[in-house]
Amino acid sequence: MEGMNDDHMHGMMMHNTSDGGMNMTKHHKMMMHMTFFWGSDAEILFSGWPGTRTSMYVLALIVVFLLAFMVEGISHSRLVKPGSTHHVTAGLVQTLLHALRVGLAYLVMLAIMSFNGGVFLAAVAGHSLGFLLFGSHVFNKPSATVPNAKTSDLPPMSC
């Protein structure tokens, strides 16, 4: 093994055996892109997903879009009423919402780390539409609002 360079080790994996020795096995890996690329030959979130079929790639883009959309929906939700007397319940709801939002945001981040251009655009589109519907005040009726009123149960995301 000492005399083998990286060229000879390509595609090989080392495994410990029960008797303390080493065993070499052939292992095939998909190349991981480190720059953005276009095409449906991406691996997103899970090994082997979405596979080689274009329909599964489109499904993966829809899933990433919906994850990003849900992050924005949760970020701008108002489930706890101001002045609630149930502080423990309100705190638990806020904590669960925060955990869900962070988990979904990390899934979106990991999907973008596939460096696939379509996945990136799906995530940006999901966040943008989610913000338009939940965060902006485009579709809200003008009403007498209290200045400095809290617009969400959760603090803003800090990425």
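This is a predicted model: local features need pLDDT of at least 70, side-chain atom pairs count only at pLDDT 80 or more; totals for chains, interfaces and linings use all residues.
G103 is partly exposed, with a relative accessible area of 31%.

**Exercise 1. Place G103 in the chain and give its C-alpha separation from V71.**

Step 1. G103 belongs to helix α3, which spans residues 87-112.
Step 2. V71 is 32 residues away from G103 along the chain, and their C-alpha atoms are separated by 9.0 Å.
Step 3. Classify G103 by accessibility: buried means under 20% and exposed means over 50%. Because its value is 31%, G103 counts as partly exposed.

**Exercise 2. Describe the overall make-up of the protein chain.**

Step 1. Count the elements: the chain has four helices and two strands.
Step 2. Take the burial: 25% of the 159 residues count as buried.
Step 3. Take the surface: the accessible area is about 11400 Å², and carbon and sulfur atoms hold 66% of that area.
Step 4. Take the contacts: among those with a separation of 6 or more, 60% come from residues 24 or more positions apart.

**Exercise 3. Determine how helices α2 and α4 are arranged, and which residues make the contact.**

Step 1. Locate the helices. Helix α2 covers residues 54-75, and α4 covers residues 117-135.
Step 2. Their axes come within 7 Å and cross at roughly 35°.
Step 3. The hand of this crossing is right-handed.
Step 4. On the α2 side, the contact residues are Y57, L61, V64, F65, A68, F69, V71, E72 and G73. On the α4 side, they include G118, V119, A122, A123, A125, G126, L129, L133 and F134.
Step 5. Return to V71: this residue takes part in the contact with α4, and its C-alpha atom is separated from that of G103 by 9.0 Å.

**Exercise 4. Identify the residues of the nonpolar surface patch and follow L129 through it.**

Step 1. The patch is made by L129, L132, L133, F134, V138 and F139, with an area of about 530 Å².
Step 2. L129 sits in helix α4.
Step 3. Patch residues need over 30% relative accessible area. L129 has 34% and therefore counts as partly exposed.
Step 4. Compare with Exercise 3: L129, L133 and F134 are also listed in the contact with α2.

**Exercise 5. Find the backbone features of the loop between β2 and α2, and the one in the loop between α3 and α4.**

Step 1. Most residues other than glycine have a negative phi, and most peptide bonds are trans.
Step 2. The bond from W49 to P50 is cis, with omega near 15°. P50 lies in the loop between β2, residues 22-26, and α2.
Step 3. L45 is in the loop between β2 and α2. Its phi is positive, about 70°, although L45 is not a glycine. With 27% relative accessibility, L45 counts as partly exposed.
Step 4. F115 is in the loop between α3 and α4, with a positive phi near 60°. Its relative accessibility is 22%, so F115 counts as partly exposed.

Terms used:
Residues are numbered from 1 along each chain as its sequence is written. Side-chain values use heavy atoms; hydrogens and water are left out. Patches are made of residues with over 30% relative accessible area and no salt bridge: like charges are joined within 9 Å, nonpolar side chains (Val, Leu, Ile, Met, Phe, Trp, Tyr) within 5 Å. Accessible areas come from the Shrake-Rupley method with a 1.4 Å probe; for residues, only the protein chains shown count as cover. A salt bridge is a side-chain nitrogen of Lys or Arg within 4 Å of a carboxyl oxygen of Asp or Glu. Buried means under 20% relative accessible area, exposed over 50%, partly exposed in between (1.4 Å probe, protein chains only). Axes are lines fitted to C-alpha atoms, for helices over the stretch in contact, and angles run from 0 to 180 degrees between N-to-C directions. A crossing is left-handed if the near helix is turned anticlockwise from the far one by less than a right angle, and right-handed if clockwise. Contact means heavy atoms within 4.5 Å.
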